[in-house]
Amino acid sequence: MTLALEPAAQDLLFREAHTANTFTDEPVSEEQVQAIYDLVKYAPTAFNQSPLRIVLVRSAEARERLVPHMAEGNQPKTASAPLVAILAADNEFHEELPTLFPHAPQIKDIFFGERGNREQAAALNASLQAGYFIVGVRAAGLAAGPMTGFDPAGVQKEFLDDDHTPLMVVNIGKPGEDAWKARLPRLDYEQVVTTV
Ligand SMILES: Cc1cc2nc3c(=O)[nH]c(=O)nc-3n(C[C@H](O)[C@H](O)[C@H](O)COP(=O)(O)O)c2cc1C
């Protein structure tokens, strides 16, 4: 076997996993989200900086505040998904570095003393963690609907602060009727990979 992962798990996480556009009304519990986080927290990040922060939009009141900031085509699914998560990059992640990278606490000032450097690193590393988060949602037997079609300034003002940049809004739940279209093509190995 070339891959170590069981074929059923390969299907669940990759081959049969789709971006969902409709959901059933089965709730997503706090325990499920915690179990997902307890897997995806092991994503690698530079200097273990772990800049991803997650806002779970659970209440009807919060949902009403979020939906108008979504692109029109994203509004119905964001309004109806059992759970919505705002994934953000913490641009002040360096404050946690003495805990997260304790053997070299000087990294905090050497590499991340400047806000611009932190923003760049946080965007890359939190996006990487966001990818893991989507896979984690799938590992819980749920479907994810990641979206960047929203007004970032509006979402930031409504749910975050100046130190947190929204990256993605993710609808989460069991897939509903006609949850996705046919699989779109992917690039072939030869189109993507070069060996030198
Ligand atoms: C970062 C990101 C942003 C996306 N933004 C949107 C969006 O705003 N609206 C939407 O309907 N789909 C969005 N998608 C879904 C993609 O269109 C979808 O993942 C892609 O077409 C592959 O579909 P599949 O997962 O069913 O194979 C987004 C996906 C990602 C990963």
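1. How many aromatic pairs does the structure hold? There are 5 aromatic pairs, where rings of Phe, Tyr and Trp (its six-membered ring) pair if their centres lie within 6.5 Å, and planes under 30 degrees apart count as stacked, over 60 as edge-to-face and the rest as tilted. The model is predicted: local features need pLDDT of at least 70, side-chain atom pairs count only at pLDDT 80 or more, and totals for chains, interfaces and linings use all residues. Residues are numbered from 1 along each chain as its sequence is written, and side-chain values use heavy atoms, with hydrogens and water left out.

2. Phe93 and Phe112 pair edge-to-face, at 5.0 Å centre to centre and with 75° between the planes. Phe93 lies in the loop between strand 2 (83–90) and helix 5 (97–100) and Phe112 in the loop between helix 6 (107–110) and helix 7 (115–139), so the pair ties together parts that are 19 residues apart in sequence. Helices (H or I, at least four residues) and strands (E, at least two) are DSSP runs, numbered from the N terminus.

3. Phe111 and Phe112 form a tilted pair, at 6.3 Å centre to centre and 50° between the planes. Phe112 is buried at 6% relative accessibility and Phe93 is buried at 0%, whereas Phe111 is partly exposed at 40%. Buried means under 20% relative accessible area, exposed over 50%, and partly exposed in between (1.4 Å probe, protein chains only).

4. One aromatic cluster is formed by Phe47, Phe93, Phe101, Phe111 and Phe112.
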